[in-house]
Amino acid sequence: MSGLGRFCDALLAYAKEHCDGEYEIYATNGESFRVEILNGQIKNYSVNDYAGVSFRVKKNGKMGYASTTSVEEDGIPALVSAAEENAALIETPDEQFIFEGAKSYPSPKVYGEELDSITAEEKINFAKELEKKALQADPKIIKVEGSTVVSAKSTVMIKNCHGMDLCENSDFIAAYVVPIASDGERMNDGFGVCGGFDRACLDADKAVKKGVVEAIDFLGAGSVKSANMRVIFRNSAFCDLIETFSGIFSSDNAQRGLSMLAGKEGEKIAADCVTLTDDATVDFGFGSRAFDSEGVPGRRTVVVDHGVLKTLLYNLKTAHKAGVQSTGNASKGGYSAPVGISVNNFTLTPGEKSLEQLCEKMGDGIMITEVSGLHAGANPMTGDFSLMAKGYLVEGGKRGRAVSGVTVSGNFYELLKDIEEPGADTYHNMFGEAISSPSVLMRSPLSVAGE
Amino acid sequence: MVEKRVSEAVLLRAMSTGADYAELYVEDTTAEGVSMIADCVDSANTSRSKGAGVRVFCGTNSVYAYGNGTDEASLLALADKVAAAAGTARSAGIDLVLSDVRFEPLCRAETAVSSVPKKERAEALKQAYFAAKNYSDSIAQVRASLNSSVKRVYLANSEGVIGSDERPYIRLAVSSVASDGSENQSGFVGPGRAAGFEFIRGLDLEAAGREASRIAVTMLGAGKCPAGKMPVVMDNAFGGVVFHEACGHALEATAVGLGNSVFCGKLGQKIANEKVTAVDDGTIPGEWGSLSMSDEGERTQRITLIKDGILTGYMIDKLGSRRMGMPSTGSGRRQDYTYAPTSRMTNTFICAGNDKRDDIIAATGNGLYAAKMGGGSVNPVTGEFNFSVMEGYMIRNGKICEPVRGATLIGKGYEVLMNIDMVSDDLVLGQGMCGSVSGSIPTNVGQPMIRISEITVGGEIE
């Protein structure tokens, strides 16, 4: 911690002396912990410290970046000159900004104090408990491929030539279990997860139940005859779809012609029942933060209000280009990446019906519980997707047999317009982007390819 | 990168509580990237990643710690961390003699990228970019990037090995978007090599750019692919992603060593059509997936995975070797010091057969021709995979006909292997990044043109 702080101060002092443009330091460091149990023994154990510093400089209106994981001060001149050389290559006319800072910042809770008191031994024991409970849950569970607890603590700092000096600490704990079921011939795995910011979030029974049900239900699950079918996307599956296509709400993509929502602000782009919000300020949201990657305060933004696109998501560059304010969605895919745009906590507002009631309303169709191959079978630009899916047939409003090995195809832009009703069962995505969504019932049938 | 004396002290300290193997990995990587969009260079980045990791085994259990300090005190602190987690026993009298092992460099940069002015690198990128952009009026957007890195790694382990490796990488990527106003389609090329700037100087940059745009424009006019089971002819090069996903991952010790692969216990058995012979070969000089030294301080090998349909080998790292009771195949790899190594692929491909391309198409009658594949993924437990077809055409009456879009191929690895019934004589490799438990690493996929007699195609229901 102090090593990184000293390095940043020395870098700031060097830049003040040697840079004739504006400059900024984005630094992060932290600790991570991971334990994986197999057969009651520690299979993998990892405990780490990390640090990374990104330096960027704006010269003649152009921004260049350089970064390092080494906090040895003799590397400072090379870091600064690499950023300056990179700035000299930039040709894009879009103006970039080093932010002067805001008067006030929100203070969402993102640090669970209680996590500090959970010892490594407790984490190991919890992972063992997960494995044991999964093995005892059903005779069909023959083994557990992994029973893992991960935790992390991290600090983000931004300091710049305008005197901005921001710092935020966050932490997190999560556990997951992968039970494997067998019927003597075939095997199938399930995935159960729990996590959050306190002890109470470590709910072994809940995680085990989900993983075990998944492993057993889809053991030997058959396909279906290819057909156009009505579809319910269960909450976590719809979270994954939203995550895959969340980039269509990025103003950067829109300004580059890579989102079909370009120029649609103020227009109807989704069904009346669709309201999407992005909120960096909720306590203990997985995507909450006091400031974004440019130091702009986190805020709440209604993106789609009853089907109408109110705004896209902006950072300083794209907001300036569009003549609007940043929505606080500047983000970096890692400390060394240039500033881009992503969602904070992005939520589809729930409706009133339970998943069972949505099934009753649908009558006949398929409830899709999992989609995979998102990076291969989904085109974030065109909205087209064709994804391997698992789920259950729904017959006469009741959940029927499990189905796997089918492909569901459609288009996300069309999907937004065609949602008949969101359910009440909001799921919070724990890994990847912080997306929250209930299950949704689609109006028109989708193409489901099987046999 | 590290004094022998320090490495010895770190390994001994790491093993001081009962571990029976220790390993120190130190890395110093400098990566540079420049990218273009909207006719302008819009981003240029330089990053240095320097750090170390210490790993110990106690039987088949593994403890790993990493940090960004590489001085003696930091390395000893890592050793203390793993020792504390490894156990409470006291190991007395460990003999440790380290000696340098020379790994003949397979991948060299004749022209170090750092010796080429950044302006010249940007000019090369522009050639590819503008060739893509000017290919057709319907090209709405092109993204292009030129990324390079030099990874210097050092490894010392308690088997007495000290080794080091310098790995140069360079890759051009061009992604084109064609639009007719209401609909967009994309195309991609990404040639790369474990080499220096001479690779870019020897590459037809404009042809690469045009190819990305040709795919996008072709797909723009395409109708949707029909869904259902049908024969599929998959072309060479990146078509090998099928084998990578459907079979390669399930032959890694990561899956096999824990009994989580459909190919467990199948050595010597027929798992594929007799037309199929496949290898993982990390020893091909200059190839994208090649390594002089594995990330566990071993020589890479040419591993015959399948010989005439019979399973003959797995890809095994040191921990997998302990779990499986089989020798390591030098397959331990990791993205960087923030990951412990595990069994991974290098250059993995189906070997050339005897069929001719034209004969394969003619013999197919009606089906799908997958000219260019997109990415994919696989579940090693069930063997289920899926991947997208970037450029596809219908085959009718033994002839390649109209282009189709939106096709995905899904199935189970072991079924598809049995159904590969024609293999042509034109093997080509294709570059990709493979993501798994030890991070994202450069790997080559590859194959000649092959035919799969039947596979489920996801698309539009007619």
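This briefing describes the domains, the chain contact and selected strands of the structure shown above. The model is predicted. Chain A is assigned domain 1 (2-216) and domain 2 (221-451), while chain B is divided into domain 1 (4-220) and domain 2 (223-458). The contact between the chains takes 56 residues from chain A and 59 residues from chain B.

**Domains of chain A**

- The C-alpha centres of domain 1 of chain A and domain 2 of chain A are 24 Å apart.
- Contact between these domains involves 28 residues of domain 1 of chain A and 25 residues of domain 2 of chain A.
- On the side of domain 1 of chain A that touches domain 2 of chain A, at least two residues each come from strand S1 (22-38), strand S2 (41-59), strand S3 (62-68), strand S5 (165-182) and strand S7 (192-196) of chain A.
- That side of domain 1 of chain A consists, by class, of 15 nonpolar, nine polar and four charged residues.

**Domains of chain B**

- In chain B, the C-alpha centres of domain 1 and domain 2 lie 23 Å apart.
- Here 40 residues of domain 1 of chain B are in contact with 27 residues of domain 2 of chain B.
- Several elements of chain B each supply at least two residues to the side of domain 1 that touches domain 2, including strand S1 (21-37), strand S2 (40-58), strand S5 (139-157), strand S6 (161-179) and helix H5 (205-220).
- The side of domain 1 of chain B that touches domain 2 of chain B has 19 nonpolar, 13 polar and eight charged residues.

**Strand S24 of chain B and its partners**

- Strand S24 of chain B covers residues 450-458, and seven of its nine residues are buried, so the strand is largely enclosed by the rest of the structure.
- Strand S10 (residues 228-234) of chain B pairs with S24(B) in the antiparallel sense over six bridges; within S24(B), B:Ile452 stands opposite B:Val232.
- Strand S20 (residues 408-412) of chain B also runs antiparallel to S24(B), and three bridges join the two strands; B:Ile410 stands opposite B:Thr456 in S24(B).
- Strand S21 (residues 420-423) of chain B pairs with S24(B) over three bridges, in the antiparallel sense; B:Ile420 stands opposite B:Ile452 in S24(B).

**Contact between chain A and chain B**

- Chain A contributes 56 residues to the contact and chain B contributes 59 residues.
- The most residues on the side of chain A that touches chain B come from S2(A), which gives eleven.
- By class, this side of chain A has 20 nonpolar, 27 polar and nine charged residues.
- A strand pairing links the two chains: S3(A) and S2(B) run parallel and are joined by four bridges.
- In this pairing, A:Tyr65 stands opposite B:Asn45 in S2(B).

**B:Cys58**

- B:Cys58 is part of strand S2 of chain B.
- B:Cys58 counts as buried because it has 20 C-beta neighbours inside 10 Å.
- Not counting residues up to four places away in sequence, B:Cys58 touches B:Gly18, B:Ala19, B:Asp20, B:Ala86 and B:Gly87.
- B:Cys58 and B:Arg121 are separated by 63 residues in sequence and by 48 Å in space, C-alpha to C-alpha.

Notes. Residues numbered from 1 in each chain as written. Chains lettered and ligands numbered in written order. Predicted model: local features only at pLDDT ≥ 70, side-chain atom pairs only at ≥ 80, totals over all residues. Domains from an automatic or database assignment. Contact = placed C-beta atoms within 7 Å. Nonpolar A, V, L, I, M, F, W, Y, C, P; charged D, E, K, R; others polar. Buried ≥ 20, exposed ≤ 12 C-beta atoms within 10 Å, placed from the backbone. Pairing = 2+ DSSP bridges.
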